[in-house]
Every structure is written in C-alpha cells, then in structure tokens.
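Hi,

Here is the structure I promised to pass on. Have a look at it, and my notes follow below.

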Amino acid sequence: MHLYENGVHIIECLDHEDSGSEGRFFKELFKLMEIKSKFVRIKTIDELLSQIEHSNFKYIHISTHGSVSEEEQ
C-alpha cells in the first residue's frame with residue numbers, strides 16, 4: 001500500500017516563451033497557505049508520465065496552455 005503526503009505536486013508543461021506561469025503562482029499561494037507543495041517544470045510527455053507515476057502527493061495539478069494554429073481557428 002502506498003501512502004501519499006497531503007499537499008499538491010504541481011507539474012508545469014509550458015514553453016519557456018510562455019510568460020504565464022500558473023504553476024509558480026500556485027506554488028506561492030500554497031506557501032502562503034502553509035500547504036506542502038512541489039513545483040516541477042517538464043518538457044516531454046515522458047517526463048510528465050514519470051512525475052505522475054513517482055509522485056508521493058495526494059493531489060497533482062498539471063499546468064499547461066494550449067496552442068492554436070491558423071488552420072485550427
């Protein structure tokens with residue numbers, strides 16, 4: 001049986017050019033609220049799956065922004 005820590009594992013999946021960082025905002029918010037959290041920035045789907053698989057936290061928040069190309073609009 002796996003025991004999970006209370007708190008939030010924040011996984012950010014943004015391009016470095018993206019100025020918005022919802023994950024960092026939540027990290028600071030949880031710090032102020034005295035809620036344990038861990039923030040990581042990932043670049044690949046394999047890193048995302050690994051972070052989820054090996055997380056010891058009860059909750060996981062995935063922060064990402066979608067992109068739309070000209071053809072999709």
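Isoleucine 45 is exposed, with a relative accessible area of 54% (exposed means over 50%, buried under 20% and partly exposed in between, with a 1.4 Å probe and protein chains only). You'll find isoleucine 45 in helix H2; helices are DSSP runs of H or I with at least four residues, strands are E runs of at least two, and both are numbered from the N terminus.

A word on the source: this is a predicted model, where local features need pLDDT of at least 70, side-chain atom pairs count only at pLDDT 80 or more, and totals for chains, interfaces and linings use all residues. Residues are numbered from 1 along each chain as its sequence is written, and side-chain values use heavy atoms, leaving out hydrogens and water.

Now the aromatics. Phe25, Phe26 and Phe30 form one cluster, and there are 2 aromatic pairs (ring centres within 6.5 Å; planes under 30 degrees apart are stacked, over 60 edge-to-face, the rest tilted). Phenylalanine 26 and phenylalanine 30 are stacked, 5.9 Å centre to centre with 20 degrees between the planes. They sit 4 residues apart in helix H1 (residues 22-32), so about one helical turn separates them. Phenylalanine 26 is partly exposed at 22%, while phenylalanine 30 is buried at 13%.

Cheers

Key:
Rings of Phe, Tyr and Trp (its six-membered ring) pair if their centres lie within 6.5 Å; planes under 30 degrees apart count as stacked, over 60 as edge-to-face and the rest as tilted.
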